[in-house]
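The sequence and structure are shown first.

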Amino acid sequence: MNLLIARHDKIGDFVLTLPMIKVAKEQIEDAKIIVLVSKVNYEFAKNISFIDEVILYDENIFKLTKRIKEYKIDIAVSAFTDTTLAIALFLAGIKKRVAPATKIAQFFANIRVKQRRSQVKMREFEYNIELLKTVFPNISIKFKRPILDFGDSDKKAVFDKFKREFGIKGEFKFIAFHVGFGGSSEGNLNLDDYLELARIAGKAPNTKVVFSFGPDDDKAYIYITENLDFEAILYRSNLNLVDFCKLLTNFSLFVSTSTGPMHLAAAVNTPTFSFFGNSLFASDKRWGSINESQINFCIYRNYSQQDFKEIKEKFKEIIND
């Protein structure tokens, strides 16, 4: 049976479909798992062991329909849908098309699931698994962590390269801070407060502080560089997403707002210390990560110093544990 699972938006959103994809691969007998993703996740998806085939999303309905038809899909589950995708799945002749009952696109699905995700009765990854259960009601929603697992030699090779790049010799605990975000998060610390937390981490015994920056984090990189008054590694990653995940397995803690890198850290079960928006929709009740160890704070954009004091006290507790 050929099962298509579609999630063609951002990195974090795709990571939150991985529990559904892994559950499907492990529990549905003789299932060939095909995923449909955006360009940013295409190579990433191709290197995940429990995904068999990957289709690249195309805004041209007819090109997308042609691509989908090639895989002779029996069932399609759309964790996120839009009109282009919904029409393409319809035109491709897929007999069972599952999608959330939202927007105009739902009318091209023939199994529509009323989830009302805005009510935030469960987390995003749980909503995704719920879609799968509409056609496979006997599957268990339980999954083993880490979702993404790699061989020890692969993880070591990436980490050794990282240490050589920064001249690190010996064994240390690494605490990473990712200060930027792609705009989807409604709650984040300001850069001075990230520096304050990192300063605390840097005082812990045998600990190295890492600031990681994505390709769109130039302003944050410049600010941290100009205001850094303690020892820290400034890491502008050029790794692909799979190798970045391998690097993250070597960190003891990942500190960030709710963004793609946080979800990647969670996918390899690295502990996270994360900041979310203070509205219900933006909170960790909806967008919480999939790792076992996570500490989450919901903060306003203009949070108070009292809010930060509470964050700092909890951070000290974690660092000293």
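Which residue is the bridge partner of Val255 in β11? The partner is Phe273.

## Basis of the description

The model is predicted; local features need pLDDT of at least 70, side-chain atom pairs count only at pLDDT 80 or more, and totals for chains, interfaces and linings use all residues. Residues are numbered from 1 along each chain as its sequence is written, and side-chain values use heavy atoms, with hydrogens and water left out.

Helices (H or I, at least four residues) and strands (E, at least two) are DSSP runs numbered from the N terminus. Two strands count as paired if DSSP finds at least two bridges between them.

## The sheet containing β10 and β11

Strands β10 (residues 253-257) and β11 (residues 272-277) pair in the parallel sense over 4 bridges. They belong to an open sheet of 6 strands with parallel pairing, in the order β9-β8-β7-β10-β11-β12. Its edge strands, β9 (233-236) and β12 (294-299), each pair on one side only. Neighbouring strands of this sheet are turned by 20° against each other on average, direction ignored; the axes are lines fitted to C-alpha atoms, and angles run from 0 to 180 degrees between N-to-C directions.

## The sheet containing β4

Another open sheet of 6 strands, with parallel pairing, has the order β3-β2-β1-β4-β5-β6. Here the edge strands are β3 (53-56) and β6 (111-113), each pairing on one side only. The twist averages 20° from one strand to the next.

Strand β4 (residues 75-78) is covered on both faces: Ile75 and Val77 on one side, and Ala76 and Ser78 on the other, are all buried (under 20% relative accessible area, with exposed over 50% and partly exposed in between; 1.4 Å probe, protein chains only). Strand β1 (residues 2-6) pairs with β4 in the parallel sense over 4 bridges; Leu4 has Ala76 as its bridge partner in β4, and Ile5 stands opposite Val77. The pairing of β4 with β5 is also parallel, over 3 bridges, and Ala76 has Arg97 as its bridge partner in β5. From β4 the chain crosses through α5 to β5, in a right-handed β-α-β crossover (with the strands pointing away from the viewer, the path from the first strand over the helix to the second runs clockwise).

## An enclosed helix

Helix α11 (residues 260-267) is largely enclosed by the rest of the structure, because 8 of its 8 residues are buried. Among them are Met262, His263 and Leu264. Just after α11, Asn269 takes a positive phi of about 70°.

## Cavity and pocket

On a 1 Å grid over the protein atoms alone, a cavity is a set of points where a 1.4 Å probe fits but cannot get out; a pocket is an open set with protein on both sides within 12 Å along at least five of seven lines, and lining residues have an atom within 4 Å of a point.

Of its 19 lining residues, Phe80, Thr102, Lys103, Arg117 and Arg286 lie nearest its centre. This lining divides into 6 nonpolar, 3 polar and 10 charged residues.

Note on methods:
Ala, Val, Leu, Ile, Met, Phe, Trp, Tyr, Cys and Pro count as nonpolar, Asp, Glu, Lys and Arg as charged, and the others, Gly among them, as polar.
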